[in-house]
Amino acid sequence: MKKLNLMTRFGLVSAVTVLLIGLVLGKLLGELVQERILDAHERSAQLVATLGLQPDLTPIDLRGFSRRHASVLDHAIETNRVLGESVTGVRIYNDTLDLVYEHGGEDAPGDEVGEESLAQDALRGATTTKVVEGGPDGGRFNVFVPLRFEWASLPVAALELSLPYGPIAAEITDATNRFYLALAVALLILYLVLFRIVARASRSLREQVLANEHQALHDVLTGLANRALFHDRVRQSVLLAEREGMEGAVMIMDLDRFKEINDTLGH
């Protein structure tokens, strides 16, 4: 098997290394992109709850909505520009986790185990989220927002907003793909730059090695072979003759009056 040269081995090793770095960075930063997008929608839901719904609520409503007031709130939700079309369902839990209001029909959030615990976390003051995948809209993104009133130091209700997860998932996919493309281009440029630098350094070293070898075996002034190269060639000729069963000879030529040149110009 032919042995790979140094540059080929460096190219393969560095390519595998850059690929592994890309996979690790892609996974970590891809999760960060998803987290940032979900956080942005979570903050948007908090604004919707605070600006779009809380002004229409009173402490009396938390004991239970009358049919008339529920209809009024339904109309307010359907016509409220703050809510827009992104919110497909609304639920309100009071401080005893009783469901006092629900809007959205079949699209309303709920019916999943664990939502009461999320509502309870909201009553403690923490905004929580839950992704329910599947369904015609790609699932739901449920946000549990604590509702506070000026007269109470702690949240007195938990508002659950349901958003279609399909558009959010598409946004995450688009942002992740653009990030992966940018990361791939950046790593490719890095690899090419490193490979070019190493290739130039390797070529410079090879040229220096060849120059040193030539200088060691040739006369600096004339460029002719020196005694070291002469001895090397004689030794190779002797070994070749022994291996092939041949005879060899060394011919020495003497140049008349060359001593005068050496004495004049240097040996």
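In this predicted model, helices H1 and H4 are roughly antiparallel to each other, because the angle between them is over 145 degrees. The angle at which helix H1 (residues 6-53) packs against helix H4 (residues 165-217) is about 155°, and the axes of these two helices lie 8 Å apart. The crossing in which H1 passes H4 is right-handed.

The strands were examined next. Strands of a sheet pair through backbone hydrogen bonds, which may be arranged in either a parallel or an antiparallel manner. In the present model, five strands make up an open sheet whose order is E2-E1-E5-E4-E3, and the pairing within this sheet is antiparallel. Its edges are formed by E2 and by strand E3 (128-133), each of which pairs on one side only. On average, and with direction ignored, neighbouring strands of the sheet are turned by 15° against each other.

Within this arrangement, strand E1 (residues 89-94) runs antiparallel to strand E2 (residues 99-103), to which it is joined by four bridges. In this pair of strands, Val90 is found opposite His103, a residue of E2. The hairpin of E1 and E2 has four residues between the strands, and in this hairpin Leu97 adopts a positive phi near 65°. E1 is also joined to strand E5 (residues 157-164), in this case by six bridges, and these two strands likewise run antiparallel. Here Tyr93 is placed opposite Ala158, which belongs to E5. In a regular strand, the side chains alternate between the two faces of the sheet.

Attention was then given to the open spaces of the model. Rolling a probe the size of a water molecule over the atoms shows where empty space is left. The volume of the largest pocket is about 770 Å³. Its lining consists of 20 residues, among which Leu224, Ala225, Asn226, Phe258 and Asn262 lie nearest the centre of the pocket. At least two residues of this lining are supplied by each of helix H5 (227-244) and helix H6 (258-265), and H6, with four residues, gives the most to the lining of the largest pocket. When the lining residues are divided by class, eleven are nonpolar, six are polar and three are charged.

Note on methods: Residues numbered from 1 in each chain as written. Predicted model: local features only at pLDDT ≥ 70, side-chain atom pairs only at ≥ 80, totals over all residues. Heavy atoms only, no water. Axes fitted to C-alpha atoms, helices over the stretch in contact; angles between N-to-C directions. Parallel < 35°, antiparallel > 145°, perpendicular 65-115°, else oblique. Left-handed = near helix turned anticlockwise from the far one by under 90°. 1 Å grid on protein atoms, 1.4 Å probe; cavity = no way out; pocket = protein on both sides within 12 Å on 5 of 7 lines; lining within 4 Å. Points joined across faces, edges and corners; volume = space filled by probe spheres on them. Nonpolar A, V, L, I, M, F, W, Y, C, P; charged D, E, K, R; others polar. Pairing = 2+ DSSP bridges.
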